[in-house]
Each structure stands twice: as structure tokens, then as C-alpha cells.
Amino acid sequence: MKIPLARPEVGEEEVEQVAATIRSGWITQGPRTAEFENRFTESVGASHAVAVSSCTTALHLSLKVLGVGHGDEVIVSPHSFIASANAIRYCGARPVFADIDPVTLNMDARLTARAVTPRTKAILVIHQVGRPAALEKLSALATASGVPLVEDAACAIGSEYKGMKIGANRYSRLVCFSFHPRKIVSTGDGGMITTDDPLLDQRLRLLRQHGMSVNDLQRHQSTKIVQEEYLELGWNYRLTDLQAALGLVQLKRLPGMIRRRREIASRYDRELVGQSRIQLFQEPPDAIWNHQTYLVRIRDTSASERDQIMQRMLNEGVSTRRGIMSIHREPAYVSRFGMQSFPESERASDQCICLPLYTQMLESEQDHVIASLIRALA
Ligand SMILES: *Cc1c(COP(=O)(O)O)cnc(C)c1O
């Protein structure tokens, strides 16, 4: 038996829609991207959604439109994929890390409050592995500090917090999503930004396409000669209509995919709860977790013992991954900011393992993963 860590749920309908897009003659950002944005706003309850090439570029543009620049600081969790902090550096600003709460793996609001300085320009909160962070506390802190909150919801599509979908902009002006194949909705690569502010929406649309005053579709549809202007420095961060065609089908699948992921996660919970060396992560009482990733924590383990456990499982055909990285330990950060220490993030990185979870997973496959993990721990 060979069990992958993840497997995107993509089928014939996606193939047909991408083929139809190719036949339509319009393959880059155009009508299907606009439709994808509209369906996305409905899906998460947002007023505006701007499609971009990835969550990394979504984060970059979001910080840009908030005016983050040289000499500024943005507070972020060190316990994340490296793109969360890189986006801050793209703006010339400094990522200031606030350590995590080990129970949730999300930013600790108390430590975040301590990291605020007069240079703080924004707080970037991450819903790690799709598990909603304490938005109420963090948005209150951001308001009290006079800075905006931005959400890195790369993993959190379909998750809910206090009865509202992540992306509804109840607690922040800008929420960024990813459509990389490791996330739940995939377009190969891709991203989306939701906002409740029509001016930010306009500015994001400008910056994702070279700062160009008229986009391709408007020019194509115009009966008069249109000469565009380049109003400010922008980027090419477009999503293509091929990707949007994929995304439109994927959005229809989303409720079913989340239902299935939650079932598989509950079954893992039930089967592993009695294991004394395993610590499970629970759904917050005021949230719905999409279970983008199923993580377990091995108590009192080291990174090297964790690697042995992962190797034993791989020998039995079970793919796993280490937990979330600690960004500050990577060479790209040590060389620039020196050795920093965030002990809770480091311990969680060393002790967590991601187990296979995909919607097509069979009960027999899941049984094999569970048995293999228990054997590897023995
Ligand atoms: C995957 C991920 C990203 C990057 O998303 P891309 O779409 O691949 O750029 C950013 N932040 C977090 C928390 C992620 O998990």
C-alpha cells in the first residue's frame, strides 16, 4: 500500500471547463476570472474578491495597499510557511515575530501585544492549517494599536469563526487565500483577496496588472480606441482564465470536500485519542475547522526521533510531512536577522507530524496510517 499525504479532488468537470476555456479563445485574466471572483464572494460572504496568481502575491499586494514600506514593522507568527514573512520583506519592511500558543499553533494575542512598537504598520494573522485564529482578540488589539489586521487564510477556505466564513471581512479589511494543490480548493496555483472596501478593491485590481488604467477585457470590449496609462508601479500578478475555470468547478465541490475532510479528521481523533504519546489538536468551540491538514503532536520527542517515526511510516508506504516550519530558523532569515528564538514555535515544528488526508481516502487506507503510526511509536 502506498498512501500519499494529499491528493487534489479534480475530475472530468474541471477538464471540460478548462477545455471549453481554451476553445473560447480567451485564456488569460478575463470573463472567467470575473465570474470566479463573483462566486468566491458568495462562497465566503465577502463584498469584493480580487483574483491573483498566488497567496504570496495576495499578501504582497495587501500589505502594499495598506502602505507598508521601508522602515515599517509587521507582526507575524514565525510558525508558518515562509511566504507569510517573505511578503513583508518584499515591501522592504521587517517581519517582527510573535510566538504561538502551543495549544492552537496560532499567534498568542498576549505576545502579539508585546511586539507592538511605534513602527508597527500592520498585524498579519495566520489561520494555521485552516484552524481559525482568535480573531476577536487580535482585531481588538489591532484597533487599540491603531494598525490594520490582515489575514493569511491560505489554508482556511470554508472555515468559520463565530458563525461567519473566514473571508467575510468581519474582523479585517483584507483576507488572502491560496489555491495551491496542497490547499483544499486548487487551481494549480492561484490566490484571492477579499475586502469590504471598494477603494482597496480598485487599487488591488490596478496593482495586479502593472498599474494599468484599463484592463485587457475592457479594451477588448470597447468600441472606441482606448489608450491605457500606467498610474503607478504595479506587477503582473494575474490569475488566468484557465485557472479560474478550474476554480469555478472546485468552488462547487467545496462544501462536500469540507464535509468529507471533517469526517476523516473525526475518525483520526476517535482512533488516536487514547494514545498516551499523541497530542491531538481540537476544533475551537467558536469555530468550524476545514481540516486543511491533519496534524498530531508527539509528546516529548525531538526532531531526530520524529524523523525516525516518519521514516518507519514511509517504510510501510505512508507519506507524512514534518509539522509547520519555524521561519526564523531558515538560512534566508538567519543571514538577515541573526539567530532568533521562539521556543513554542520551534518545539511545535520539531514535534508535529502531518498525516495523510484527502477526500478520496478509503477507510482501509486510514486504518493502515493509524496502525503504522502506532507501530512507529512503539
Ligand atoms: C501555502 C501558504 C502560503 C503560500 O501560498 P501560495 O499560494 O503557494 O503562494 C502562504 N501562507 C500560508 C500560511 C500557507 O500555508
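N290 sits in the loop between β11 (287-288) and β12 (294-298). Helices (H or I, at least four residues) and strands (E, at least two) are DSSP runs, numbered from the N terminus. This is a predicted model, where local features need pLDDT of at least 70, side-chain atom pairs count only at pLDDT 80 or more, and totals for chains, interfaces and linings use all residues. Residues are numbered from 1 along each chain as its sequence is written, and side-chain values use heavy atoms, with hydrogens and water left out.

**N290**
- N290 is buried, at 0% relative accessible area. Buried means under 20%, exposed over 50%, and partly exposed in between (1.4 Å probe, protein chains only).
- The N290 side chain reaches the backbone oxygen of C155 at 2.8 Å.
- The N290 side chain also reaches the backbone oxygen of I157, at 2.8 Å.

**Ligand site**
- The ligand is surrounded by 15 residues; a residue is near a molecule if one of its heavy atoms lies within 4 Å of it.
- The closest are C55, T56, D152, S178 and K183.
- By class, the shell has six nonpolar, seven polar and two charged residues. Ala, Val, Leu, Ile, Met, Phe, Trp, Tyr, Cys and Pro count as nonpolar, Asp, Glu, Lys and Arg as charged, and the others, Gly among them, as polar.
- α3 (55-65) and α4 (83-90) each supply at least two residues of this shell.
- An N or O atom in the S178 side chain is 2.7 Å from an oxygen atom of the ligand.
- A backbone N or O atom of C55 lies 2.9 Å from a ligand oxygen atom.
- An N or O atom in the S84 side chain is 3.5 Å from a ligand nitrogen atom.
- Taken alone, the ligand exposes 380 Å², and the protein buries 91% of that. Accessible areas come from the Shrake-Rupley method with a 1.4 Å probe; for residues, only the protein chains shown count as cover.

**V185**
- V185 is in the loop between β8 (174-178) and β9 (191-195).
- V185 is buried, with 0% relative accessible area.

**Positive phi**
- Most residues other than glycine have a negative phi.
- K162 is not a glycine, yet has a positive phi of about 45°. K162 lies in the loop between β6 (160-161) and β7 (164-165) and is partly exposed, at 35% relative accessible area.
- D300 is not a glycine either, and its positive phi is about 50°. D300 is in the loop between β12 and α10 (303-315) and counts as exposed, at 74% relative accessibility.

Notes. Polar contact = N/O pair within 3.5 Å; in protein donor to acceptor, adjacent residues only side chain to side chain.
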